[in-house]
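Reader: I'm new to protein structures and would like to learn how to read one. Could we go through one together?

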Amino acid sequence: MSLLAGPVLALAGLLAFSGVQKVAWPDAAAEAMRAAGIPGSGGSAGLLRGRLLGVVEVAAAAAALVWGNAATAAVLTIVYAAFALFSWRLLVRTGATASCGCFGQAEAPVTRLHVVLNTVAALACAAAIVWRTGDVAAVLGDQTLAGLPFVALTALAGWLWYVMLEVIPDLQAALQAVSTSTETSGGSTRGDDA
């Protein structure tokens with residue numbers, strides 16, 4: 001088993017979760033594509049594109065989990081590299097005011113962290129082209145305790161990646177809003193005293 005098995009399988013699981021969310025709730029993905037300036041992303045066509053993106057994500061993730069070979073690692077590399085480029089484009093066009101559109105109903109502002117995390121994910125998947133991870137069954141077959149510790153750690157890694165993409169940008173935006181509000185109210189108080 002490759003040392004990349006846990007991270008790559010976690011990224012595949014996260015991609016599957018993201019895809020299911022987009023299929024069920026494509027609005028955020030469609031809005032992110034529209035904000036990024038991708039033609040034909042408005043209205044029902046945008047919703048269809050959001051759902052199709054979700055289907056592609058689920059298919060790529062399922063292939064990586066079932067086969068875990070160089071071809072599936074290459075597909076994951078392309079998907080995550082495309083997400084990194086999309087995040088960068090969205091960030092440049094909107095200045096962190098648009099939702100990333102990553103996970104259906106969950107909305108977080110796109111940040112540099114999205115670009116960095118998607119780039120790191122693409123690099124990890126690219127490394128798995130050379131150092132193959134294997135499929136889930138083969139990986140679990142090499143594990144002790146029926147693979148339960150591996151599954152738990154892989155799920156934890158996927159959840160932490162989700163937190164970094166969705167929760168941290170929300171916290172940063174909230175802290176920025178509080179900071180701006182404090183500065184604004186503090187400035188008016190000083191003006192009243194003068």
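Reader: How many salt bridges does the structure hold?

Author: Happy to start there! Keep in mind that this is a predicted model. The structure holds two salt bridges. In one of them, the side chains of E57 and K22 meet at 2.9 Å, N to O. E57 belongs to helix α3 and K22 to helix α1, so this pair ties together parts that are 35 residues apart in sequence.

Reader: Are E57 and K22 buried or exposed?

Author: Both E57 and K22 are buried. The word applies to residues with under 20% relative accessible area.

Reader: And which side chains meet in a salt bridge at 2.4 Å, N to O?

Author: Those of E31 and R34. Both residues lie in helix α2, three residues apart, which is about one turn of the helix. E31 is partly exposed, since its relative accessible area is 39%, and R34 is partly exposed too, at 46%.

Reader: Now for pockets. How does one look for empty space?

Author: Rolling a probe the size of a water molecule over the atoms shows where empty space is left. Here, the largest pocket holds about 370 Å³ of space.

Reader: Which residues lie nearest the centre of the largest pocket?

Author: K22, L53, E57, F83 and F86 do, out of 26 residues that line the pocket. The elements giving two or more residues to the lining are α1 (5–24), α2 (27–35), α3 (43–66), α4 (70–94) and α5 (112–130).

Reader: Which element gives the most to the lining of the largest pocket?

Author: That is α4, with seven residues. By class, the lining has 19 nonpolar, five polar and two charged residues.

Reader: Last one: which residues make a nonpolar surface patch?

Author: L153, L156, W159 and L160 make one of about 420 Å². Within that group, L156 has its place in helix α7 (residues 148–193). L156 is partly exposed, with a relative accessible area of 41%. For a patch, a residue needs over 30%, so L156 passes that cut-off.

Technical notes. Residues are numbered from 1 along each chain as its sequence is written. This is a predicted model: local features need pLDDT of at least 70, side-chain atom pairs count only at pLDDT 80 or more; totals for chains, interfaces and linings use all residues. Side-chain values use heavy atoms; hydrogens and water are left out. On a 1 Å grid over the protein atoms alone, a cavity is a set of points where a 1.4 Å probe fits but cannot get out, and a pocket is an open set with protein on both sides within 12 Å along at least five of seven lines; lining residues have an atom within 4 Å of a point. Grid points are joined across faces, edges and corners, and a volume is the space filled by probe spheres set on the points. Helices (H or I, at least four residues) and strands (E, at least two) are DSSP runs, numbered from the N terminus. Ala, Val, Leu, Ile, Met, Phe, Trp, Tyr, Cys and Pro count as nonpolar, Asp, Glu, Lys and Arg as charged, and the others, Gly among them, as polar. Patches are made of residues with over 30% relative accessible area and no salt bridge: like charges are joined within 9 Å, nonpolar side chains (Val, Leu, Ile, Met, Phe, Trp, Tyr) within 5 Å. Accessible areas come from the Shrake-Rupley method with a 1.4 Å probe; for residues, only the protein chains shown count as cover. A salt bridge is a side-chain nitrogen of Lys or Arg within 4 Å of a carboxyl oxygen of Asp or Glu. Buried means under 20% relative accessible area, exposed over 50%, partly exposed in between (1.4 Å probe, protein chains only).
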